[in-house]
Amino acid sequence: MKNAMTFQVLLRLYGWCCCLLPAAVPIHATYAQQASFGNISIHSCAQISIAGTHYFETSRAGSQPGIVQTSRKGVPGVLHFRTPVSAAGSNESHVDGYVSQSGSTALLAFPVGDKGRLRPFFVQGPRAIGVTAKGAYFAADPQLAQSDDMAGQPDPTPLPAGAPFSTSKSDGSVGLVSKTEYWDIDCVSSAQLALSWDENSGVAALSEGSLANLRIVGWHNAQQRWVVIPSAADVTSKLGGASTTAKGTISTTSPIVANDYAVFTLGGKFTKVRLAVKVFLEGGTGMGAVVGTMRNDLQQYENDYGQKISLLPETAPYLPTAVYARIDDPNGPAGAVADWIKIEIWTAGSPQTLLEEQSLLLKTDGSVVDIDGQLPRFNAQDGVVRVIVRHRNHLGVSSNNISSFATGDISYDFTDGLDKAFKDNPGDPPLMKEIAPGSNKWCLWAADIVNDATIDSADLTPFDNAFKNNVFEQYNLSDVNLDGVVDSVDVSIMEINFLKNLFSNIPYGDE
């Protein structure tokens with residue numbers, strides 16, 4: 001008892017200790033209030049155990065005042081509370097790592113955080129005496145699951161065990177999954193959980209602007225994918241005040257066994273159609289591109305000085321407008337981008353009616369994504385619809401009839417067959433081009449420069465002007481092969497497609 005008391009006094013007076021302990025060190029509640037002043041590190045396999053309410057204080061100097069840090073690797077270090085945990089904490093004062101607590105049915109706030117952000121989770125029994133709830137917060141993308149080490153340096157090791165957790169693997173009820181954070185929470189007994197969020201969590205996007213759509217999602221150990229956990233945003237936040245998209249908490253609606261899940265994070269249920277469209281552009285498939293991909297020369301144009309610059313504009317060249325600030329970055333959320341593209345939803349009747357349209361990004365693998373790198377979401381529609389793709393200097397194309405456009409995932413791949421393009425007159429010219437003979441990979445025809453659904457003499461005048469003026473290092477409509485230069489390669493494409501008398505049957509009346 002004397003050693004434990006001495007350790008407690010040192011903790012209160014000096015506020016730091018590097019612990020490599022073979023077993024838990026009890027800190028008994030001799031004082032009415034216990035406090036740490038930060039600069040404490042608890043290494044793997046070690047535990048500091050506290051009896052009584054604990055307070056984090058920031059009034060001392062040091063490299064991390066107010067922060068108790070634990071190792072997250074292997075058998076993580078733990079700050080253990082033997083009695084209900086105080087909700088005290090802030091961005092400047094919390095446990096950067098793992099907190100545990102045993103045997104209470106009370107609503108407990110676990111004061112965890114990461115990278116200067118307090119992001120508590122909450123556990124409420126029933127739990128048997130001796131059953132421990134433990135957890136940590138990770139301010140990281142779960143599909144990378146990489147945090148910082150105890151020295152504050154990036155650690156490439158995915159954590160916890162089983163990581164990373166792909167945000168594209170989910171059941172049919174999961175809409176979006178957070179790419180900014182997750183919690184590792186362990187408990188073998190059933191308990192109700194709650195997670196918190198702040199202004200950095202992107203809750204407005206996850207919930208499509210309505211907290212009614214927000215859910216807790218968990219990576220299910222048996223299914224190895226994200227699933228929606230029955231949950232609802234708390235009207236009155238457990239952090240105090242009303243829950244808003246900027247700050248609040250969300251709770252499970254019934255007890256769950258946390259150990260059934262590897263990690264938890266925030267997500268959204270499906271309220272819209274998540275549309276997966278795949279399409280290739282003739283202009284991006286030539287000049288050495290592997291069949292089944294496109295080049296991203298406009299995103300990574302090499303100038304005369306050998307520098308890589310982007311010719312793609314941050315703002316889409318279509319309406320409705322969209323802005324992607326990282327258009328020059330192949331490592332951004334959207335990845336390697338060939339160009340901007342436009343997707344529209346039309347009724348399939350006659351006459352057709354435009355229902356919705358979006359300016360989106362076309363990746364080099366042919367997939368279409370929103371500026372966040374996720375599949376675009378469209379309003380659900382009653383009745384039969386068609387998906388129409390438009391590009392600024394290629395002939396647009398329409399899907400065949402899609403009988404159901406309700407909530408969930410819908411995929412349409414224009415690249416895997418000429419019959420994927422709707423053709424209302426058998427005598428019309430082919431509506432797409434085969435990328436290479438026998439490849440059965442199809443792309444949109446290039447050279448509709450004036451974007452009027454026909455490749456004809458109207459396209460020749462602006463093309464001739466651009467070619468004669470030696471246009472280069474520009475995002476130009478006459479650059480039909482999408483390499484940033486109007487040259488003889490574009491002339492060849494223009495001449496061949498002009499002589500084919502090509503046109504598109506997509507509607508233009510409601511544009």
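Is Leu482 buried or exposed, and what is its relative accessible area? Leu482 is buried, with a relative accessible area of 4%; buried denotes under 20%, exposed over 50% and partly exposed anything in between (1.4 Å probe, protein chains only).

The views show a predicted model, in which local features need pLDDT of at least 70 and side-chain atom pairs count only at pLDDT 80 or more, while totals for chains, interfaces and linings use all residues. Residues are numbered from 1 along each chain as its sequence is written, and side-chain values use heavy atoms, with hydrogens and water left out.

**Figure 1. Leu482 in the loop between helices H4 and H5**. Contact denotes heavy atoms within 4.5 Å. With neighbours within four places in sequence set aside, Leu482 is in contact with Leu281, Gly283, Gly284, Arg295, Asp297, Leu298, Asp339, His391, Arg392, Asn393 and His394. One of these residues, Leu298, is 184 residues from Leu482 in sequence, yet their C-alpha atoms are 6.4 Å apart.

**Figure 2. The protein as a whole, with 5 helices and 36 strands**. Helices (H or I, at least four residues) and strands (E, at least two) are DSSP runs, numbered from the N terminus. Of the 511 residues, 52% are buried. Among contacts between residues at least 6 apart in sequence, 62% join residues at least 24 apart. The protein exposes about 21,100 Å², of which carbon and sulfur atoms supply 53%; accessible areas follow the Shrake-Rupley method with a 1.4 Å probe.

**Figure 3. The largest nonpolar core, with 47 residues**. A nonpolar core is a set of buried Ala, Val, Leu, Ile, Met, Phe, Trp, Tyr and Cys residues joined through side-chain atoms within 4.5 Å. The members that touch the most other members are Leu275, Ile343, Val389 and Phe405. At least two residues of this core come from each of several strands, including S25 (273–278), S28 (337–347), S29 (354–363), S32 (385–391) and S34 (408–413). Strand S28 provides the largest share, 6 residues. Apart from neighbours within four places in sequence, the contacts of Ile343 include Leu275, Val277, Leu360, Val368, Phe378, Val387 and Val389, as well as the residues Glu356, Glu357 and Gln358. A second, separate core holds 40 residues, among them Ile40, Leu108, Ile229 and Ile256.

**Figure 4. An open sheet of 3 strands in the order S31-S25-S34**. Two strands pair if DSSP finds at least two bridges between them. Strands of a sheet pair through backbone hydrogen bonds, either parallel or antiparallel. Pairing in this sheet is mixed: S25 runs antiparallel to strand S31 (residues 377–378), to which 2 bridges join it, whereas S25 and S34 pair in the parallel sense over 6 bridges. Val273 has Phe378 in S31 as its bridge partner. On the side of S34, Ala276 stands opposite Ser411 and Val277 stands opposite Tyr412. The edge strands, S31 and S34, each pair on one side only.

**Figure 5. An open antiparallel sheet of 5 strands in the order S30-S29-S28-S32-S33**. The edges of this sheet are S30 and strand S33 (394–398), each of which pairs on one side only. Within the sheet, 9 bridges join the antiparallel strands S28 and S29. Asp339 stands opposite Leu362 in S29; Asp339 is also in contact with Leu482.

**Figure 6. Tyr137 and Trp183, one of 10 aromatic pairs**. Rings of Phe, Tyr and Trp (its six-membered ring) pair if their centres lie within 6.5 Å; planes under 30 degrees apart count as stacked, over 60 as edge-to-face and the rest as tilted. The ring centres of Tyr137 and Trp183 are 5.1 Å apart and the planes lie at 50°, so the pair is tilted. Distant parts of the chain are linked here, as Tyr137 belongs to strand S15 (residues 132–138) and Trp183 to strand S17 (residues 182–186), 46 residues apart. Both Tyr137 and Trp183 are buried.

**Figure 7. An aromatic cluster, and charges over rings**. One aromatic cluster is formed by Tyr98, Phe138, Phe165, Tyr182, Trp219 and Trp226. A charge sits over a ring if NZ of Lys or CZ of Arg is within 6 Å of the ring centre and within 35 degrees of the ring normal. Arg72 lies over the face of Phe138, 4.6 Å from the ring centre. Elsewhere, the charged end of Lys420 sits over the ring of Tyr412, at 4.7 Å from its centre.
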